[in-house]
Amino acid sequence: MNIKTDKVAVIGSGSWATAISKMLLENVAEINWFFRKKETIEQFKELHYNPRYLQSVEFETDRIHFFYDINEILLESDIIVLAIPSAFLPRILSDVEVDICNKYFLSGIKGIVTKENLLVAEYLHKYFEVPMENIGVIAGPCHAEEVALEKLSYLTLASLDMEKAANFARLIQNDYIYTSVSDDIWGTEYTSVIKNIIAIGAGIAHGLRYGDNFQAALVSNAIQEINRFVNTVHPISRDIKDSAYLGDLMVTVYSQFSRNRTFGTMIGKGYSVKNAILDMNMIAEGYFASRSIFEINQKHKVNMPISSAVYRMLYENAPPKKEMAKLSQILS
């Protein structure tokens, strides 16, 4: 992998894809960018910003090669950055007809491919024979909205190949993005999945008017819950207090930009799950992740009271008020 000469592609058109594209263009001369709709590309070219997300970020569109054909962009790119909701990944990649096993992939997806409950790296490896060593993961804490404002942010780039992790990091680091590297792709991916579930729980508590003291107890118990799970599914040496784990959890639970917390707040205020989904302008990954983690944990039997409570509220119609009351009795 040569970040100076390899062609870089972004797959996705949402806020996180837009933020990643902004970061990339700080370091590379040009990028390839995939949009599903041709009309969105035309609007982007005319306006010089994404017409739907992060409109404050202006782009030099002569440095962007736009694509709406997935096979064309994959053929024209060496490093592919995935930044779409996990629920859409199989649909987008189902049209792939070219060989991508020798490409490098960087996943900015914070969710699980739900049909088989696979992490993104596992999905790419299983269905497209991409070597695990050629896959990287972008871990937080970082919100797209703060990248747009160029507020100081921190990202961890994880890969089994530490040299590739360092190369991935160099693609996106700049004056306002500090990066670190890790070889823990399973731990960072699972943390980014579970923290969205926890954020929904925090939002529900907020909607029910639980205070900051409860939220603090929730977060301190949640990081222990995440630690138990990742140490069970992938037992390696890791410091759960690092920003890729605890930091990512905290920003997702507390930030005004957290769509998962917003989704949970709506549930806590009395919205049905269906109506909350319809009213959200963006995907709350934690909704889909809640069922996936519940199903995965049927095998591992890890004690996950917060994630389990969120699952019951979202999928078994458990009353939020009663579930939170029960949860409050076991937090310490």
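Let me start with helix 10, residues 243–254, in what is a predicted model. Its buried residues are A244, Y245, G247, D248, L249, T252 and V253. What covers them? The cover includes strand 6 (135–139), strand 7 (153–159), strand 8 (177–182), helix 8, helix 9 (212–233) and helix 11 (259–268). I will take two of those helices in turn, then one of the strands.

A general point before the numbers. Two packed helices are described by the angle between their axes and the distance between the axes.

Helix 8 covers residues 185–207, and its axis comes within 9 Å of the axis of helix 10, crossing at roughly 25°. Angles under 35 degrees count as roughly parallel, so helix 8 and helix 10 are roughly parallel to each other. The crossing is right-handed. On the helix 8 side, the contact is made by G187, T188, T191, S192, K195, N196, I198, A199 and A202. On the helix 10 side, the residues are A244, Y245, D248, L249, T252 and V253. By class, that contact divides into seven nonpolar, six polar and two charged residues.

Now helix 9 against helix 10. Here the axes come within 11 Å and cross at roughly 140°. That angle makes helix 9 oblique to helix 10. This crossing, too, is right-handed. Q215, A216, V219, A222, I223 and I226 of helix 9 meet Y245, L246, L249, M250, V253 and Y254 of helix 10. What classes do these residues fall into? There are 11 nonpolar, one polar and no charged.

Is V137 buried or exposed? Its relative accessibility is 2%, and buried means under 20%, so V137 counts as buried. Leaving aside neighbours within four places in sequence, V137 is in contact with L106, S107, T156, L157, A158, I185, T188 and E189. As for I197, it lies 60 residues from V137 along the chain, and the C-alpha atoms of the two are separated by 19 Å.

One further helix pair, elsewhere in the chain. Helix 14 (residues 305–315) and helix 15 (residues 320–330) pack at an angle of about 170°, with their axes 10 Å apart. That makes helix 14 roughly antiparallel to helix 15. P305, I306, A309, R312 and M313 come from helix 14, and P320, E323, M324, L327 and I330 from helix 15. This contact has eight nonpolar, no polar and two charged residues.

Last, the aromatic rings. The count comes to 18 aromatic pairs. Take F35 and F66: their ring centres are 5.8 Å apart and their planes are at 55°, so the pair is tilted. Where do the two residues sit? F35 is in the loop between strand 2 (31–34) and helix 2 (38–47), while F66 is in strand 3 (residues 64–67). The pair links distant parts of the chain, 31 residues apart. F35 is buried, with a relative accessible area of 1%, and F66 is buried as well, at 15%.

Ring pairs also form a cluster, which links F263, Y287, F288, F294, Y311 and Y315.

Technical notes. Residues numbered from 1 in each chain as written. Predicted model: local features only at pLDDT ≥ 70, side-chain atom pairs only at ≥ 80, totals over all residues. Heavy atoms only, no water. Phe/Tyr/Trp six-rings, centres within 6.5 Å; stacked < 30°, edge-to-face > 60°. Helix = DSSP H or I, 4+ residues; strand = E, 2+ residues; numbered from the N terminus. Buried < 20%, exposed > 50% of the residue type's maximum accessible area, 1.4 Å probe, protein only. Axes fitted to C-alpha atoms, helices over the stretch in contact; angles between N-to-C directions. Parallel < 35°, antiparallel > 145°, perpendicular 65-115°, else oblique. Left-handed = near helix turned anticlockwise from the far one by under 90°. Contact = heavy atoms within 4.5 Å. Nonpolar A, V, L, I, M, F, W, Y, C, P; charged D, E, K, R; others polar.
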